[in-house]
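Work through the exercises below with the sequence and the structure side by side, and try each task before reading its solution.

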Amino acid sequence: MGKKNKKPAVGESPNLEPQTAAEPSTTPAASTATSTTNKKKSNPLKPLSSSPSLIICRNKHWRYISSFHGPWLQLPLEVLVTLANANYYMPLPRPVDPAVFYDLVKIRQLVDGATDLAVRAANGVASSTLSSSFGGGAAHHMQALGLGFGNNAGAKLSPERKFRMREQATQKLSRAYHLDEIASSVATMQSTSTLENVAGLVLQRSPNDPDANYVHFFHEKIPSRQLAECTDFRALDLIISQRPSECEPLRTRAIVRMFKEDFEGAVQDLTSALSVYRLQQPRHNKPAVDETMQLEQKIRRRRDQTPIDEANQPSSTEVQLLFQRAGCYLTLACDHVPHALPNSSNEQNGNSRNGTNGTNGSSNGNANGVAEQQEAERDVEDKGPTKRQLEMRKTVRHFAKRALRDYMEYFRHFHYSPNLPIEISDDFSRQVNQATHRSKKYYGQSRHGSQDPGSPTGASPGHKVYELASLFSATPPADLPPYPSTDIVYPGSAAADKIQTTSEVVTYHPLLTDALHSLLLCHTLMQTSSKELQRHAHMVARLARLADGYPVFQASRSPARADWIEVLRRAENWIELASSWEALCAPAPLPTPISAALGTSAAVAANALAITTGTPETDEQRKERMRQQAILEALEDERVNDEASFKAAILARQRRAEADHANSLNGGTPSPSTGPKRWAVDDGREYPILTERAEAVARWIREAPTGPGVGTTKRKKKSRPGKKAAEPDPEKEPEVTEPEATESATEPA
């Protein structure tokens, strides 16, 4: 099978916006040393057409950018601050990870402040009185459009004053990129183009300024989809040498190494970054999961909801580093799969292609080729795996275990509740509605309701809260509601319409869905038993259908979920799931709140943020909308790297949309996109373009020997001394000679 893509997809790229900039001031990529076990052909990226490549900022190539899109980019800053505080004071599990939420607030503040300074320096405006009079978001958009700014102060700014303003803007942008470079990239893309050049102007005078170098690294113009070829490490190496106590430049350098396919080097940088972070910032003491005490404390503090001091706000840096390093380990495991399996299948495919597609091929040649293939297969079976293949199989499991270890550590930062009272989540929706409408009276109802002694948020027994990592342990909690259960999968069913008093809730993180499905890929490479893997798959589906980024994040596609769906298809559902993965992960219907009669449900709060259904459209408008949406989604996806894959992605998405439309007209099973739907849950279906990661995992399932006891914690060699040993089958002896195949799922030393 020919290569479908350059690397396994681990994220999406943003919309590519053409730029009219001149030739980018980049240097050729420095040659990086890679290990002999991580050899990959670096195929040059082809443009979609014969026209010159688009010139865009480097940060527009960053992965997982689509995961951080959402209303937080447009909401007024004071509303965003209010929502972040309301989210923090909610009982566990909080609707959104508070570390990410507070990062969004700080990034918006920094980017808006940098925009104000950069635009005033470019236009010669000395004061920001005009921008402050409009208040936050309105001034930000007027600055981006270049409206309302003139030299009203009457005094011309000196070059020194302009430089100081640009220097301050660069420092703010650097601070934002230190917090979260993915979210900051999204925020700067939504801002004025003046920010793209501000760091370069500072470097003209201060070429060694670490903040300016860091920001310019993200904003430098390069040809689209050629980040690996047009990026070197000199700027990042300089910053790291100047500021060795900062872990963020190490994180950025690791991400660049991923683009260059130096995943072992990326692991080293991320490990160093974690060490620096834990040395500079000791871990926060995790709150004890005592539901009653924690719930009462939150209710008392909700009376004022004083803003949290920035020094006491949780940090998301460790979560970012763990997620990135886990992805590197998983990619390394997949890279070693071809070396761990016999290459006869690849050779046979190549011989078959040469025989059928070659100009000199003949029927006799094909017949001889088939006979040679059959003989080669028998030889491979007789010889058994080589020593190098056995070592590579150990390496695959070794990297998969390390990836699983980091994903489990990532999951320990988030929580799940099987029985959160409806009024708690309904109260958060009321607070969102109050913040968007600025209604004091409406907010007063929310406060009194939460303090009612008879309500679930009063003196009633607390709800259960679990860390996500505990759900994937060897002994998961026993009091979870059964899943899968068809009465809660499809919206509009009778079970979904009845009044509920509790609901399942999980803390949302933009990368949670991808991490959940990556965990399944790790267990697959570790050869976890089918029964155990089925349990993990059901747990992932349970959590994925609950993941909801309301009220700040919108739906995003998950490359790991697309790979998992493709693995299930190619491995013929070897874990025997009862339903399709799309059905298992169908968004859970919003529970009917007790206060639905008052019109204060989550749907009302969603309407407050202008999430409404579209007006009826004609057939031509529908087809054109589907075509435009397919083009946008194809451009956003990293797996599209040439014209052929671009056209295939568009065609596959159009067919999927047409199938959904035809199914709705014929009265088929309701699609996850119809009926009451959660705020930010994607339907989960991806276009069928096979990635190298999915191909490697599927081949591992089909061809890797499993042997008795693989994936369990017991070794077969344990036998009772009084009984006669079972007569071994000579044909199975090569499988038993691989001791690593029976290792447990525990993390390596």
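The exercises that follow concern a predicted model, and each solution goes step by step.

**Exercise 1.** Decide whether the span of helix H1 agrees with its number of residues.

*Solution.* Helix H1 covers residues 77–88, which is 12 residues. The expected span is 1.5 Å times one less than the number of residues, so H1 should span 16 Å. Its end C-alpha atoms are 17 Å apart, which agrees.

**Exercise 2.** Classify the ring pair of Tyr508 and Phe553, and work out which parts of the chain the pair ties together.

*Solution.* A search of the whole structure finds 19 aromatic pairs. In the pair of Tyr508 and Phe553, the ring centres are 5.7 Å apart and the planes stand at 40 degrees. Planes under 30 degrees apart would count as stacked and those over 60 as edge-to-face, so this pair is tilted. Tyr508 lies in the loop between strand S5 and helix H22, while Phe553 lies in the loop between helix H23 and helix H24, so the pair ties together parts that are 45 residues apart in sequence.

**Exercise 3.** Determine whether Trp564 and Trp574 are buried or partly exposed, and classify their ring pair.

*Solution.* Buried means under 20% relative accessible area. Trp564 has 0% and is therefore buried, whereas Trp574, with 21%, is partly exposed. Their rings form an edge-to-face pair, with 5.9 Å from centre to centre and 65 degrees between the planes. Trp564 lies in helix H24 and Trp574 in the loop between H24 and helix H25, so the pair ties together parts that are 10 residues apart in sequence.

Note on methods: Residues numbered from 1 in each chain as written. Predicted model: local features only at pLDDT ≥ 70, side-chain atom pairs only at ≥ 80, totals over all residues. Heavy atoms only, no water. Helix = DSSP H or I, 4+ residues; strand = E, 2+ residues; numbered from the N terminus. Phe/Tyr/Trp six-rings, centres within 6.5 Å; stacked < 30°, edge-to-face > 60°. Buried < 20%, exposed > 50% of the residue type's maximum accessible area, 1.4 Å probe, protein only.
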